[in-house]
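Colleague: Please put the model up, and I will ask about it item by item.

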Amino acid sequence: MGRLTALLALVSCLDGCGLAGSGTAATAGAASEAQQADRAQQTEARVKQQLDASYQQAAEQRRAAEADRQ
């Protein structure tokens, strides 16, 4: 019973000075950073796909131009 009382007293002190809330804020911040990283990866993948499509289109145009010259 003494340990439980000590734990409750510690949690009350931490809550009173705001340290308990800062742990929650840190967790929320980490989740937000993870979401931003995920969005950045999605954006990077989309840009790579667009670049690949552009390179392919340019190659097709070069082939068509070479075929027209012959």
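Colleague: What share of the 70 residues in the protein is buried?

Modeller: This is a predicted model, where local features need pLDDT of at least 70, side-chain atom pairs count only at pLDDT 80 or more, and totals for chains, interfaces and linings use all residues. Residues are numbered from 1 along each chain as its sequence is written, and side-chain values use heavy atoms, without hydrogens and water. Buried means under 20% relative accessible area, exposed over 50%, and partly exposed in between (1.4 Å probe, protein chains only). On that basis, the buried share of the 70 residues is 1%.

Colleague: How many salt bridges are there, and which residues form a salt bridge?

Modeller: Side chains of opposite charge can pair when their charged atoms come close. A salt bridge requires a side-chain nitrogen of Lys or Arg within 4 Å of a carboxyl oxygen of Asp or Glu. The count comes to one salt bridge, with closest N and O atoms 3.5 Å apart, between Lys48 and Glu44.

Colleague: How far apart along helix α2 are Lys48 and Glu44?

Modeller: Helices are DSSP runs of H or I with at least four residues, numbered from the N terminus. Glu44 is partly exposed, at 44% relative accessible area. Lys48 and Glu44 are four residues apart in helix α2, so their separation is about one helical turn.

Terms used. Helix = DSSP H or I, 4+ residues; strand = E, 2+ residues; numbered from the N terminus.
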